[in-house]
Each structure stands twice: as C-alpha cells, then as structure tokens.
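Please look through the sequence and the model before going on.

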Amino acid sequence: MNVDTPAFEFEHVSKYYGRHVGLNDVSLSIRRGALVGLLGPNGAGKTTAIRILTCYMPPSSGVVRVCGNDVLTHTRVAQRCMGYLPENCPLYHDMRVMEYLRWMCELRGIGGSDIEKAIFNVAEPCGIMPWRSRLIRELSKGYRQRVGLAAAMLHEPEILVLDEPTVGLDPIQVQQFRALLSRLKERHTLLISSHVLSEIEMLCDTVVIIHQGRVVAVGAPEALKADSTRHYTLECVSTRNLPVLLPGLLNRVEAVTLDGFEEDGRRCIIRITGHGADPRRALARLFTEAGIELIDLHAERISLEDVFIDHIRGCAREEGMIPMASDPDKRGAEHA
Amino acid sequence: MNQIRTIMKRDWPAIILVPSGLTIMTIFLALAGYLFASQVAVTQQATLRYLFRSLGLLCVLVAPLITMRLLAEELHNGTFEVLATAPLRDRDIVLGKFLAGWKCFTLWTLPMFGYLLALEIVGAPDWGAALAGYIGLQLLAALLIAIGLFCSSLTSSQILAAMAAILVGLALSLSSGAAHHARGAMRGVLLFLDTQSHLGVFRRGVLDTRSIFFFVGTTAMFLYLTIRSIESRRWKFGVVPGALTVAWRHRTLACALFALAGLLLLHLVFVRASGRLWTAWQWAELTVLFALALVPLALNRKSIAQFLQRRRYAVVVTVLLNSLLVLAVWGLLMFLASRHYYRKDLTADNRHVLSAQTVALLKTLETPLEIYIIEDEPADLFQQINDLADEYAAHNKLIVVNRIDPNRQPAYIEKLQRRFNLPAEPKGELIIAYRDDFRRIPARAMVTIPFAELRGRVVRGAPRFDGEAELTGVLLNMLHTDPGRVVFLAGHGERDPWQTGPQGLSAVAERLRKSGWTVDRRVISPGRLATFADDAKVVVVAGPRRSLSDENRAALGQFLDRGGGVLLMLEPHQENGLEALIEPWNVRIGRDIVVDLSDYAGQADPTSLYVSRFEETAAVGKAMSGLAVVMPTARRISVTRQNLRPEVTVRNFMHTSGSGWAVYAEPHERFSINPERDRRGPISLGAMCERYQELREPGREPLRGRLLVLGDADFAVNQYVDMAGNLDLFLNGVDWLADRQGVLGARPKAVGAPTLTMTRAHIQLLFWVSVVVIPAGALLIGVSALRKRRKAA
C-alpha cells in the first residue's frame with residue numbers, strides 16, 4: 001500500500017434506515033497514523049459510520065475505502081486491515097481469556113506457533129496477563145474492555161476502531177485505558193468514538209464532529225478552537241454613562257456581540273462574544289478613547305466542549321431548532 | 001473450511017460442555033432409555049424402531065434447545081458484531097453453527113448404540129435396521145437444526161426462536177394429518193412434507209433416496225435462508241424519502257389495469273381452491289390477467305429500469321430472485337427425486353423388499369388403487385401391515401393408503417360401509433378398491449402359522465407375516481383373470497397337497513390358493529381317462545413313488561394334447577414309468593443322482609444341491625434370475641438329441657456348476673465319482689418343453705401342451721419350500737405351464753417377527769443399562785471433558 005494512501009476515506013457516503021437518515025453525504029479522509037476522535041450527540045451517526053467502516057453494514061450510496069480497499073468489493077481485505085472494539089465490548093462470557101484470544105486468533109487466520117506470540121504481544125501491553133485463566137464473566141468491566149481491545153489488536157491491524165471504549169468505566173479505569181490508548185497511538189491509526197470530549201481533546205490529533213448524519217467539523221483540536229467563537233471579559237472602572245456608551249462602542253468593533261453586563265459598585269464586568277478575529281486591541285483602543293479606565297481585558301479559555309456545542313448550536317440555528325430568544329445578542333440587549 | 005471449523009469449535013462446547021448442556025443431555029438420554037426399555041418390554045421385539053418414532057417427536061422439542069442460542073444469543077449479546085466484522089463469510093458463520101448444533105445432537109444420540117449392545121444380550125437385534133433408523137434420526141435432526149437456526153437468525157430472543165422452531169417442526173411433523181383435509185396436488189405436497197413419515201421409512205430399515213433428498217435438500221434450503229436472513233440484518237438499506245414513488249406514467253390507467261388483473265387473479269384462486277375443473281375459460285382468464293399486468297409495466301419500463309438500478313433495490317431484487325431460484329431448485333430436486341429413486345433395505349432379512357412379482361404387478365396399475373387399513377389389535381401386526389402398504393405405495397404413486405382408527409373415526413367407517421355396501425362395520429381388515437371392484441382381507445389372513453410334524457406329533461411353528469403374498473394375490477385376482485385349477489395327481493405315492501407334515505405340499509398349495517388358483521387332488525379314475533382334469537390348467541405330478549400305469553400315462557398325454565400343462569417332479573432312485581410319456585418331448589430322465597462338489601447347501605453333503613445357475617433365455621430361468629433353489633437330492637433331466645421332434649421346443653433351464661457330476665449310485669449307498677463312468681457337469685436339472693403341432697386330420701385341433709420336468713420333488717415339500725427360491729421355482733413353473741407370463745418372477749416371502757423371549761431379569765437388565773448406566777456414563781464423560789477443557793484454558 002502506498003504510504004500516501006489515506007488510512008480510510010468516505011466519499012459521499014449516505015445511509016438510510018427506512019426514512020431516517022443515518023449518514024448524509026459524508027466525505028472524509030484520514031491520513032495514516034492519525035488518532036481520530038469521532039464526536040457527536042446521541043443518534044448523530046457515529047456508530048453508523050463505524051459500522052460501515054468495519055463492513056458490518058453497507059452504505060446506501062457512496063464509497064468507503066479502508067487502506068485503499070473498497071469495503072463493498074474487497075470486504076475481507078478491508079476487514080483484515082482493521083481491529084474493531086464494538087460499543088459495550090461484546091464478549092463470550094462463558095470463555096476464558098486465553099481461550100477467547102486463541103479462538104479470535106484462529107478466526108483471524110493466525111495459526112500454529114504464531115498464536116502464542118500474537119497473544120503475548122497484545123496481552124502484555126493491555127495488562128491482562130494475570131487474568132488470562134479467568135472466565136470472562138468474572139472480569140471487571142475495565143478488564144473486559146482490555147480483553148476486547150487485545151482481541152481487536154491480535155492481527156496487528158493498520159487501523160483500530162473503538163466505539164465508545166470508556167463508557168461504564170470508573171475514573172481510574174478510564175485513566176488506565178487512556179494511558180493504554182496513548183501507547184497504541186504509535187503503532188496504529190486509531191478511530192475513537194466518544195461522548196467524553198475531554199478525553200478526545202486529550203488523546204486525539206484529529207477531531208471529526210458529526211451531527212444529524214453530517215460532518216460539521218474536521219480538524220486538529222487547536223485549529224478548531226481557533227476557528228471557533230470566543231468569549232472575552234472586559235473589566236473597567238464604572239462610570240455613570242457606561243451603559244449608554246457601551247452599545248455604540250461595540251457597534252464600532254467588527255463581529256462582536258454583548259453577552260453580559262455586571263456593575264459592582266466601582267467596577268463593571270462586560271462579557272463579549274467574538275465571531276471573527278481577535279477584537280481585544282480594537283476594544284482597548286476604543287475604551288481608552290472614550291475615557292473609560294480599563295482594569296482587565298482577557299479572552300476566556302476555550303475547550304473542545306465549547307467548540308462542539310458551538311457547532312451543534314450552529315447547525316441547530318441553521319435549521320431553526322434553537323429559538324431566537326436564546327440568542328446571546330438578544331440577551332445582551334435585554335440586559336442593556 | 002478452517003473458518004467453519006473455528007466457528008464450530010467455539011459453539012459445540014458452548015452448548016454441550018456446560019452444566020446446563022450436560023444436564024439436558026442426561027435427561028434426554030434417561031428419557032430415551034426409559035422409552036427404549038419400556039417399548040422393548042411391551043413389544044418383545046429386538047428393535048429400535050419404536051424408540052426412533054418417539055425420538056422423532058422428541059427431536060422437535062430438543063433441536064430448538066440446541067439452536068435457540070446459536071444466533072439469537074449472539075444477536076442479543078452483540079457478539080454477532082464481532083463475528084460479522086471478522087474476515088468471515090456469512091455462510092461460514094451459518095455452516096459453522098449448523099455443524100456445531102448437529103455435532104451436539106450426534107454426541108447426544110451416540111450412546112444409543114449402547115441399546116443395541118444391551119439387546120445383543122437378550123436377543124439378536126437387527127443392526128442394519130437400527131443403522132438405517134439412526135441415519136434417519138440424524139437427517140431429521142439436521143433438518144430441525146437448520147430450521148431452528150433459521151428461526152434463531154430472525155430474532156434476538158431465544159425463547160421466541162425456540163418457540164418458532166418448535167412450531168415449524170410440529171407443522172412439518174403433522175402435515176400428513178392436514179393432508180386428509182386437502183385434495184389433489186396440495187395433498188401430495190402435504191404428505192411429502194411430513195418429516196415423521198420420511199423418518200418412518202428409515203425406521204423400518206429402508207434407505208430411500210426420496211427421503212434422503214427431502215431431508216438433505218430441505219436442510220440446505222433452510223441453511224440458505226438463514227444465510228440470507230443474516231445478510232438481511234446488514235442491508236438496512238431503508239428508503240430515500242420519496243424514492244419509492246417512482247414517477248409512473250399513466251398512473252390512473254396503470255392502477256385500473258392492476259386492479260382488474262387482481263380481480264381476475266382472485267377469481268382464479270377461488271376456482272382452484274374450490275376444486276372446480278380448470279377449463280379453457282380459466283386459461284383465457286390467466287392470459288388476460290398477464291396482458292393486463294404487462295401493459296402498465298411496459299408503459300413504465302424506463303422508470304422500472306431506473307428504479308432497479310439503485311444499489312439497494314438491485315440487491316433486494318437479486319436476493320429475492322435468488323431465494324425464489326433456490327425454492328424452485330428445491331422443488332425440482334424433490335420432483336426429480338420422487339420420480340427417480342432407489343431403495344435399499346438394510347434389514348437383516350430384507351423384510352421390506354417387495355418381490356419382483358409384486359413390483360412388476362404394481363407397475364401395471366392404470367388407475368388409483370385405494371388401500372383402506374381399518375386398524376385393530378394386535379398393534380404389531382398392524383404395524384407390519386402399515387409398513388407393507390407403505391412399501392406398495394412407495395412403488396406406485398397411484399396407490400393411496402388410508403389408515404382408519406374405528407374408535408376415533410367412526411364417521412369414516414360409516415362412509416366406507418355405505419360405499420362398499422358392507423353388511424357390518426369393517427374392523428381389523430384391509431379393503432382394497434380398484435376401479436369398480438373391491439376386496440376385503442382380514443388382517444389375520446396375513447399371518448401364517450406353519451405346522452410341522454415332529455416325532456410323529458404336529459407342532460405349531462412361530463407365526464410368520466405373509467402379508468405380501470396375500471395382498472399381491474388379491475391384486476393379481478383383481479388385475480388378472482381367474483388363473484384356474486391345479487390338480488395334484490394322487491394314487492402313486494405322490495407328495496400330498498393336503499398334508500401339513502414335513503413331506504407334505506400344504507405350503508405350496510396354500511400359496512397357490514392365495515394366488516387365486518383352485519387346488520385339487522385327484523386320482524385318475526379308470527373309466528374317465530379321457531376327461532381327466534379337463535377343468536384344470538395344470539397337473540402336478542409330485543414325486544411318484546410307484547410307476548404310473550399305461551392308462552394313467554395315457555390320461556396325462558391326453559391332458560397335454562388338450563393344451564394343458566404338466567409339472568413332473570421326479571425323485572432319484574424312484575421308478576415312475578414316465579419315460580414313455582416324456583420321450584416324445586425330447587427329454588430324458590437320468591438314472592443317476594446329481595452331486596455338486598462346489599455348490600452344495602450349507603453343512604449338507606454334495607448331494608444337496610444349491611442351484612443358482614438358470615438360463616435367462618428361458619422364461620422360467622429368467623423368472624428365477626438372482627434366486628437359487630435348494631434340492632435335497634436330484635436326478636439329471638437332459639434333452640435328448642435322438643429322434644428330435646420339430647414340433648417340440650425344449651430348453652434346459654437350470655443346471656449345476658462345472659463341478660457337478662451325475663453319479664450312478666444305488667439307493668442309500670454312499671456315492672463315489674468314477675470319471676470314466678459318470679458324467680461331468682454342468683448337469684441339467686430341469687427342462688421346459690412346449691409343443692405346437694398342426695394335425696392333418698381335418699377338424700382336429702392342433703396338439704399343444706407344456707411340460708416342465710424337474711429332477712427333484714422334495715424341494716417343494718413343506719420342509720424345504722421356504723429355503724432360498726424353492727417356492728418361486730414351483731410357482732413360476734405352474735404359472736408358466738398355465739401361460740401366465742405376466743406374473744412370472746420372484747414371489748413374496750413370509751417373514752418371521754423378530755420376537756424376544758424376555759425374562760424378568762432381562763427386562764431389569766435393559767432398564768438399568770438404558771436408563772441408568774448409559775446416561776450416567778455419558779454424564780461422566782461429559783464432566784471429565786468439561787474439566788479437561790477448563791484445565792486446558
């Protein structure tokens with residue numbers, strides 16, 4: 001396979017369940033070695049996308065390629081390139097860990113002495129060696145997850161697809177699991193679907209936000225944050241005519257809206273949302289010119305969660321699902 | 001194949017090598033053991049056939065227990081996603097799981113061979129019949145597992161899967177019951193779908209390609225449907241909003257034409273369902289229906305083509321067409337299998353192989369033949385009668401067998417009584433109806449109780465089932481004209497047709513009567529030489545111990561001249577005075593005794609001949625093809641080459657092997673072969689002679705007649721007649737003499753019931769072995785395998 005070939009790509013992929021749209025014209029290309037986080041609210045189409053990618057179900061239209069292989073025409077080859085840990089980590093609870101891993105090796109076409117080698121290669125990093133003789137049903141949720149992950153990695157796949165891998169784990173298990181994923185990042189292209197945004201932010205170098213079957217944002221977390229809406233807090237000495245002056249001042253700055261205004265005796269705290277370039281320099285100049293004494297002007301720290309909510313709201317607003325009453329502009333105006 | 005093995009490797013221990021699986025197996029084996037022990041104790045027969053009948057029904061409940069978890073549990077737990085995203089084909093998953101289920105059932109039923117070993121202690125079980133039954137049970141289980149797997153693929157609920165599988169299994173098991181309420185092709189289909197009746201063929205010890213094809217073909221079809229069902233879980237293509245509403249041209253017209261076609265279709269379905277005659281008018285309706293449906297399709301062909309080009313519809317249409325194709329292939333396979341079949345009887349005594357005569361007779365049926373079996377006690381006799389009727393029906397589709405239980409179907413009995421105008425309610429009998437004729441056979445008539453003389457006393461032998469001879473005899477009477485009369489000559493020490501002792505001919509006389517002959521025994525009265533046996537077709541001279549007088553010879557000669565047939569059965573060392581009668585027929589009787597150094601019967605000496613060489617170019621020889629005759633002692637019957645008479649056609653039709661000798665020996669003297677004096681084999685033992693001579697005197701009938709000369713008489717006596725094909729030789733000889741070519745062939749045989757004489761100790765032994773030892777042994781093996789598996793893991 002050519003090194004430049006994307007690890008996987010979606011080309012105008014749609015999927016319909018009855019009249020419900022699962023995926024709507026999704027196009028996406030992920031380079032090899034990336035650690036991709038798939039974000040989206042419930043029912044956004046994350047699992048659908050993963051199931052199409054893992055050849056569990058075919059797309060209604062469009063083309064999906066895994067390591068350059070079309071999932072419809074070269075299904076087995078595509079499946080050999082991937083390891084998959086489904087949501088809730090389904091396992092055969094009546095089997096023992098080693099028995100299950102051995103069986104999965106045979107299922108993946110690994111035979112003879114390679115079986116023990118393959119199991120050792122995955123069991124050690126996943127930390128399941130001490131539990132290898134246990135029945136799977138006797139393991140904790142975290143260790144079951146590790147067994148599932150080990151089974152997905154047995155054949156050393158190019159791509160690892162993990163659907164909600166940390167759901168149901170306690171905080172310590174989540175931390176351990178995260179550490180494990182960080183180590184795996186060096187050897188595999190990882191696609192993780194998750195609700196936990198902090199986790200994605202911490203682990204992934206590429207984030208795909210999916211909503212109502214459509215990809216609404218793709219990129220590195222930092223780039224997404226940079227492109228996203230930011231909030232600013234401006235603190236100044238209170239003057240009598242400040243509430244009157246403020247709308248006029250803000251109108252002179254490009255792409256900002258007033259979020260809130262609080263007066264606390266001698267000090268005023270003004271919250272502003274910026275929709276474009278950084279407005280702080282312009283704001284400082286205007287306030288100084290107006291004779292208002294600035295105490296502090298800083299940008300709020302933005303998280304991926306903000307980016308995510310921002311995109312989801314943006315989509316909802318486009319479709320008219322969020323009423324205009326909740327628009328921050330209006331709230332600011334009312335306050336004013 | 002490796003992938004199938006891998007899937008199987010996980011699934012079969014998951015079913016059987018778990019505590020619940022071992023418990024079910026133990027209960028199943030204990031229940032089967034109890035059924036076996038009680039059935040053997042009640043029926044007193046060393047057979048597993050009754051057990052297989054119970055197991056056939058039990059399987060309907062047990063197979064779903066195996067299959068319900070195979071796919072439904074995977075779907076419920078989500079592990080199916082693990083399988084489906086591994087590099088496996090759907091067919092690998094389905095076949096792996098099917099074979100795992102089947103292996104479990106096989107392992108569960110394998111200990112049942114222990115029953116046969118237990119039966120070996122108390123009697124001689126028929127291993128061939130048991131093997132056939134076991135094969136049938138496995139094939140039935142395969143079908144039920146395939147059905148269960150299909151149901152398991154439809155739902156993620158194990159309970160629902162099991163219930164659906166039980167329902168389908170029961171429907172297939174009881175479809176013959178529904179067939180009584182159906183007519184025509186539907187009746188045939190319902191009868192054919194009955195799994196228990198197919199199992200019944202195997203239970204009897206018969207392998208029939210029709211039943212094998214039914215089980216294998218239907219199993220394969222359900223496996224295919226399972227693969228498609230699994231596949232369909234992944235289609236989930238759904239519908240693009242508005243995609244279904246293809247832009248139809250002339251929408252109103254199309255709807256109207258479709259509605260009209262629908263009405264016609266409804267009418268045709270009504271006509272078919274109501275059993276009315278399908279006339280030319282209906283064909284016209286069908287044509288119009290197609291025309292009406294084709295018009296809108298033709299008008300919108302482009303839209304339809306566009307519609308079908310979408311990937312999801314193309315796949316759905318392909319799958320539908322594939323499924324239809326598989327159904328059609330299944331139907332075709334079943335149709336061909338029902339037309340061209342092969343049956344192999346695995347029972348030790350070939351009890352279910354119909355004689356060549358019966359088979360030939362059944363082929364001549366032209367219209368439906370109905371056999372009504374009005375059941376009664378004893379059950380085992382009616383079981384044999386039912387088996388026999390099934391064998392008849394298996395050879396010709398025109399034979400319809402109806403079993404009636406008078407207690408449960410009194411209305412049916414009344415109907416029969418009215419139809420055949422019977423004075424009383426029929427009970428415990430068979431009614432055979434063909435065209436406008438019908439015959440009744442009491443069930444008791446199908447059992448023969450042989451009597452034998454032992455140390456001067458008449459003793460009763462074990463009853464034997466002689467149903468085929470009886471039924472075929474009745475059919476012969478119904479299909480052919482009355483055969484006529486056979487007269488056994490008496491007065492010269494001949495074997496007696498009324499004598500039931502070992503040296504009597506009562507058995508052959510009885511069989512002649514069953515074949516429709518009237519049997520008589522006469523002496524030649526001095527004053528009635530010219531009219532001797534003028535009402536008979538055949539005269540049998542069975543081993544006269546004294547010479548016939550000239551008058552008697554003349555009487556026989558005149559009988560032959562009138563076109564009669566004479567069967568001469570001549571013992572060695574006995575003067576019979578028949579040389580003068582035989583000479584004009586180009587036959588000579590040897591004054592010797594025949595021995596065969598290679599082909600002699602069992603432990604006897606070489607004078608007891610085992611004759612299996614028959615000339616197939618001669619009618620009787622052809623009828624005896626594949627059979628053999630045991631002749632306790634015989635003399636040579638040869639064709640003379642001197643003074644050959646052209647009006648007589650004579651054939652040697654049976655002879656010894658090349659190691660045979662015609663030896664000159666005195667009575668009661670040990671024979672010794674003198675190569676210079678004695679004649680080396682093959683030695684002829686029987687001759688068929690036929691004559692046709694036009695007489696010059698005007699107004700006189702031409703001389704006709706048939707003569708069959710056999711070098712032995714004892715082969716037909718009660719003591720030997722049941723051996724090999726002795727009875728066949730006698731009956732074929734008589735039928736050839738009466739020119740009844742159509743009925744020549746191997747004759748029906750009576751079969752003994754394989755009854756046991758069990759003591760209380762035997763019954764207890766069987767109970768302990770089958771109900772305790774075998775299930776406990778199987779449980780022990782299962783537990784040790786379970787422990788071994790756990791240790792290995």
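Residues are numbered from 1 along each chain as its sequence is written, and chains are lettered from A and ligands numbered from 1 in the order in which they are written.

**Chains and domains**

Chain A has a mean pLDDT of 80, with 89% of its residues at 70 or more, where pLDDT is the predictor's confidence in each residue, from 0 to 100. Over residues 321-336 of chain A the pLDDT stays under 50, and the model has 15 contacts beyond four places in sequence for this stretch, a contact being heavy atoms within 4.5 Å. Where pLDDT is low, the predicted coordinates should not be read in detail.

Chain A contains 12 helices and 14 strands, taken as DSSP runs numbered from the N terminus (helices are H or I with at least four residues, strands E with at least two). Of its 336 residues, 51% count as buried, that is, under 20% relative accessible area, with exposed meaning over 50% and partly exposed lying in between (1.4 Å probe, protein chains only). Among contacts in chain A between residues at least 6 apart in sequence, 69% join residues at least 24 apart.

Domain bounds come from an automatic or database domain assignment. For chain A this gives domain 1 (8-220) and domain 2 (228-335), whose C-alpha centres lie 41 Å apart. Chain B is assigned domain 1 (2-238 + 759-792), domain 2 (251-300), domain 3 (356-444) and domain 4 (484-588 + 636-654 + 680-741); the C-alpha centres of domain 1 and domain 2 of chain B are 45 Å apart.

**Aromatic rings**

Over all chains the structure holds 19 aromatic pairs. Rings of Phe, Tyr and Trp (its six-membered ring) pair if their centres lie within 6.5 Å, and planes under 30 degrees apart count as stacked, over 60 as edge-to-face and the rest as tilted. Two of these pairs are set out here.

| Pair | Centre to centre | Angle between planes | Class |
|---|---|---|---|
| A:Trp131 and A:Tyr143 | 5.1 Å | 55° | tilted |
| B:Phe36 and B:Tyr115 | 4.5 Å | 10° | stacked |

A:Trp131 lies in the loop between helix 4 (114-126) and helix 5 (141-153) of chain A, and A:Tyr143 in helix 5, so the pair ties together parts that are 12 residues apart in sequence. A:Trp131 is partly exposed at 27% relative accessibility, and A:Tyr143 is partly exposed at 22%.

In chain B, the pair links distant parts of the chain, with B:Phe36 in helix 2 (residues 19-43) and B:Tyr115 in helix 7 (residues 113-122), 79 residues apart. Both B:Phe36 and B:Tyr115 are buried. Ring pairs also link B:Phe192, B:Phe202, B:Phe214 and B:Phe215 into a cluster.

A charge sits over a ring if NZ of Lys or CZ of Arg is within 6 Å of the ring centre and within 35 degrees of the ring normal. A:Arg146 lies over the face of A:Tyr143, at 5.0 Å from the ring centre, and B:Lys415 lies over the face of B:Tyr412, at 5.3 Å.

**The surroundings of B:Asn386**

B:Asn386 is placed in helix 19 (residues 379-395) of chain B and counts as buried at 10% relative accessibility. Leaving aside residues up to four places away in sequence, B:Asn386 touches B:Ile373, B:Glu375 and B:Arg403. The side chains of B:Asn386 and B:Glu375 are joined by a polar contact of 3.0 Å, meaning a pair of N or O atoms within 3.5 Å, of which, within protein, one must be able to donate a hydrogen and the other to accept it, and residues adjacent in sequence count only if both atoms are side-chain atoms.

Technical notes
Side-chain values use heavy atoms; hydrogens and water are left out.
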